[in-house]
Every structure is written in C-alpha cells, then in structure tokens.
Amino acid sequence: MIRDITIGQYYPADSVIHRLDPRVKLLGTLIYIISLFAFHNIASYLIAGLFLAVIIHLSKVPFSYIVKGLKPILFLLLFTVMFNLFLTPGQEFVRVGFIKITLEGIKTAGFMAVRLIFLIIGSSLMTFTTTPNHLTDGLEKGMGPLRKIHVPVHEIAMMMSIALRFIPILLEETDKIMKAQSARGADFETGGLIKKAKSLIPLLVPLFVSAFRRANDLAMAMEARCYRGGEGRTKMKPLAYKKRDWIAYLCFIVYWTLLILAAKIN
Amino acid sequence: MSIILDHVNYIYSQGTAYEKHALQDINLKIEDGEFIGLIGHTGSGKSTLIQHLNGLMKATEGCIYYNGQDIYDSDYNLKELRSKVGLVFQYPEHQLFETSIIKDVKFGPSNLGLPALEVDLRAYEALKQVGIGEDMIDLSPFELSGGQKRRVAIAGVLAMKPEVLILDEPTAGLDPKGRDEILNLVSSLHKENKITVILVSHSMEDVANYVERLIVMDHGKIMFDNEPKKVFTHYKALEQIGLAAPQVTYVMNRLKECGQSVNTEPTTVDEACEEIIRWAKKKGILLT
C-alpha cells in the first residue's frame, strides 16, 4: 500500500542517533556517500557495511522498516545490475546464446548493487532519525558560511523542510482520493499502459487541486504569523554542539582512516 | 439482505512504532432499510469501520458478509460490492475532477460498464435528487460553491444506485442551511428509495433528529448500539469519551433534577416542547 513508502520519513524513537546534532548527521551522511564512491574494494565495502550496521543498531529503527524503504528502488536496482552484468566487456564467464556474462560484469554489478543499497539506507537513516524541523535547522546553520556569497541559505532550508513535511500529507491525500475513486468503481490496477495512464486522471486532478490549495493555505498561515524570510529570525532552541557530537565526528574520522588503510593494503 | 461483521479486527502499520489497533473485535448486523447513526470521537475507528463495509480496507482478522456472502472470498466481486455499498467520504468535493458536472457524475456508473443511455439516465436522476438544476450540468464543478460541490459529489455516488449509502461527516464545514439541505436529502433518500443509510457524524442534534439506531464507538470498540433515546440516557458516559447528548437532553435532565416530574427521553426540540407543555398543563401553569 501507498502508506508503506518510507523514504524521507521520520521514525520516532529515543536513541543516541536521534539525539545527535543534525549537522553531524548531514555531514556524516555526505562523508558516507563520498566514501562509497571513493573506495571500491571488498575490504572497504565490508567496513562501510559494518559501520552502517552499527549505526542501524544504535538508531533503534527496526531493520524490517528500513528494508521496506528499499522496495520502491528495487526496479532501479535490478535495472542497474542487469546492465552491468550483461554489458561489461571482459573475460567470459558463461554464455547463453548472444548473452554473455563476464567476470568483470559480475564484479561491477555486485559492487553497484551493494553501493546503491548502502547509499539508500545511509541517507534514509538520516531522515529516519531527524525531524524535518531539526533537519532545516541543521541545514541552515551548516550552510551558514555560504550566505557570504549570497546563497539564499534560509530559503533553501525552508523549502526543503516544507517539501519533506508535505510528503506524508500528499501520500495520505493520494490514499484518500484513490479510495474515494475506488468507491466509485475506479480501477487503478488492471488494463494496458494507456488504460492505466487514463485511470490516473481521476487521481491526479484532485491531487493537484489539493496540493495548490494546501500550498495557498500554508502561505496564508505563514504570513498571518508574520513570516518574512530568515532576516532577523531567532530560534527557540539554537543548535549547539555537545560532547556526543564531537565523539560522532571522531567516529567518522576513524571510519575514513580505516578505509584509507584498507585501500593501501589492497 | 444485510451486512454482518463477525469479530472484525484491524491493525494499522503492524510491527512499527506507528502500530494502532483501530478496530477491536467488532460484531455488527446491519439490516435492510435501517437508518443508522455512527458517532465517536476523532480516532475512535469510525472511518476505518465504514471503509471495511465496502471492501476498501481488509480486516486483519474476522469476516464480513454482505447478503450472506463472504466479501473476502477470492471469487467475490469487490467492484460490484462497491456499487451496492456507496461510500461518500469526508469532504467528497475534493474528489471532483472532470471538466463538467454531468461528466463527473457519470464517472461512477460508467465504471460499472453500463450502457451509455443508462449512464445518462442515472446521472440526470442523481443530479435531480440532490437538487442540481439542468441548467448547471455543463458548468465546471470547480465553479460551484462548497455546498453545491458536495451535492454533486454525493450525486456521483447516488448515480451508482447503491442499496446502502454510507456518508462520512457529510455536513462538516457547511453552514446551517447547507447542513439541513444535505440531511433532508439523505432522509428523503432513506424514506422514498428505501436505501439503508449509515450516517457518520459529530453532531448529536443531527443524529437525534434523523437516525433510528445509534452506534457509539470508542477506541475501536462499540460502546453503545441502541435507539438514540436509549443511548442518550447514558449522557454522562458519553461525556467521558468526549461526546455529548443533544442540548434538550440536558434541559430535561436539569428539570428533573429540580424535582419536576418530566420524562427525560426527548432528544429533539419538538419532542421536548411537547413534553414541557404536557408537564405545564398538569401542573396548572399553562391553562389552555
């Protein structure tokens, strides 16, 4: 069901990862993603996997819940794996008709799959453990220096948090409209491509109308509370690094060092 | 002809932090031609319950029988069930999408695969029932007022000629005039077309004035299931779950507390009026 989409959602729990400063999590996620692309040998993937497992364990987010979030990208994953498996030139492994699988193909396909899975899990862990409000605060403060070169930091952060906040709302709305139209005999599942695309009209038109209505309402509500951009805006709970945040940074340094060592040995 | 719910349970997002036991062991029998009111606080499971009745949601446990047939049977035609059990969601005007009113109303019946002429006839009839004039049928539904949009949306469900009509808070957000129009429409559908009606509502006055049987839900369970008069005698218990009885119930109870010999059963203003006149005559306060 549509409710099952978990990418970008917050998962309430009380864990040390949830309590970390959002800047640590943002930068940490970035470091982790870069590490996945910078190193590609088996040892580094093992380290990355282990690192991820420890964080998942610490975050107290159920593993099954995380795996559920992978479902929507399953198709993309299969597609990537197929391409790498069949189209990588190199030493022949098996051959069925004109399809040829090479040793290099297996290797890159495997690496690619692992890399994609780690990437998705790593970045969704950040949103699972950080509330949209926290995320915005972290982004705004973390990108603060960019304001000097006239990057609209506050606006970007605000837009991002609104977008994130609207994902569950729009999903719920989609669910509701789908049900309402199903109650009128609409069928979203069967039929060919054209029939399926046509059956989406009764869903998409009300959804767009409602998205615009909600955007309008939100703009009104923000104006009614005197929102006028980030200029001179103060925070109720300003972000401040604590001891655990420095320890987290240290963990990332250790992680990166281990990766470099693993690459050297290889 | 009836709907039977047998030990129905429903659990949202089982196995996650969001898990919620929305329906707990619901047993219910809905007979033909009944006019039922369903009340309960926000989150009491009303909306979840009604979505089970036409098969939009599948119970985690338990069975539902429509006219004696198990709707969870693998060969049961759910699409047909949905045409028999018409469900009007909360704010149904949000589901309008077509370029003209008539086209939108036709959406339901044409999904049933009926011949074009039959679809036309049903659409015109449904629009007439809800009081949308023929001069308006080619307008865009988005040009209408809130109350008119809602009536068009209800017509969209009526055009499928349901045997059971379920309305989820049909009067939410309407002004008193719009509210009376909708409720009178529902009431006349029940009387003239012999449709079974289930009305989900927050307003005690609404249900007291119209329904014949009242079901009260709390925390996914059925708390009361009786005639409105009988249910409202438990007004103290209703208050505890965030509901209330109609205002006249309080008036009558207050009179009784003051030592007057009045019957506390009236739930509508007219009934209360009669009862007070009867009492006043007996007391000699009112002579004629």
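Strand 3 (residues 35-40) and strand 9 (residues 213-218) of chain B pair in the parallel sense, over 5 bridges. Strands here are DSSP runs of E of at least two residues, and helices are runs of H or I of at least four, both numbered from the N terminus. Two strands pair if DSSP finds at least two bridges between them. The model is predicted: local features need pLDDT of at least 70, side-chain atom pairs count only at pLDDT 80 or more, and totals for chains, interfaces and linings use all residues. Residues are numbered from 1 along each chain as its sequence is written, and chains are lettered from A and ligands numbered from 1 in the order in which they are written.

Within that pair, B:Ile39 has B:Val216 of strand 9 as its bridge partner. The two strands belong to an open sheet of 6 strands in chain B, with order 6-7-8-3-9-10 and mixed pairing. Strand 6 (85-88) and strand 10 (221-226) of chain B stand at the edges with a single partner strand each, so one side of each has no neighbour in the sheet. From one strand to the next, the twist averages 15°. Helix 1 (residues 46-53) of chain B packs on this sheet and touches strands 3, 6, 7, 8 and 9 of chain B. Its direction makes about 155° with that of strand 7 (164-168) of chain B. Angles run from 0 to 180 degrees between N-to-C directions, and axes are lines fitted to C-alpha atoms, for helices over the stretch in contact.

Chain A has 11 helices and 2 strands. An automatic or database assignment sets the domain bounds. Domain 1 of chain A covers 1-130 + 237-266, and domain 2 covers 153-233. Their C-alpha centres lie 29 Å apart.

Helix 6 (residues 103-129) of chain A has 27 residues. It reaches 39 Å from first C-alpha to last, close to the 39 Å expected at 1.5 Å a residue; the expected span is 1.5 Å times one less than the number of residues. Its buried residues include A:Gly105, A:Ile121 and A:Phe128. Buried means 20 or more other C-beta atoms within 10 Å of the residue's own, with C-beta atoms placed from the backbone. The buried residues of helix 6 pack against helices 1 to 5 and strand 2 (99-102) of chain A.

Now the interface. 21 residues of chain A are in contact with 23 residues of chain B, where contact means C-beta atoms, placed from the backbone, within 7 Å. Helix 8 (153-183) of chain A gives the most to chain A's side, with 7 residues.

Terms used: Buried ≥ 20, exposed ≤ 12 C-beta atoms within 10 Å, placed from the backbone. Contact = placed C-beta atoms within 7 Å.
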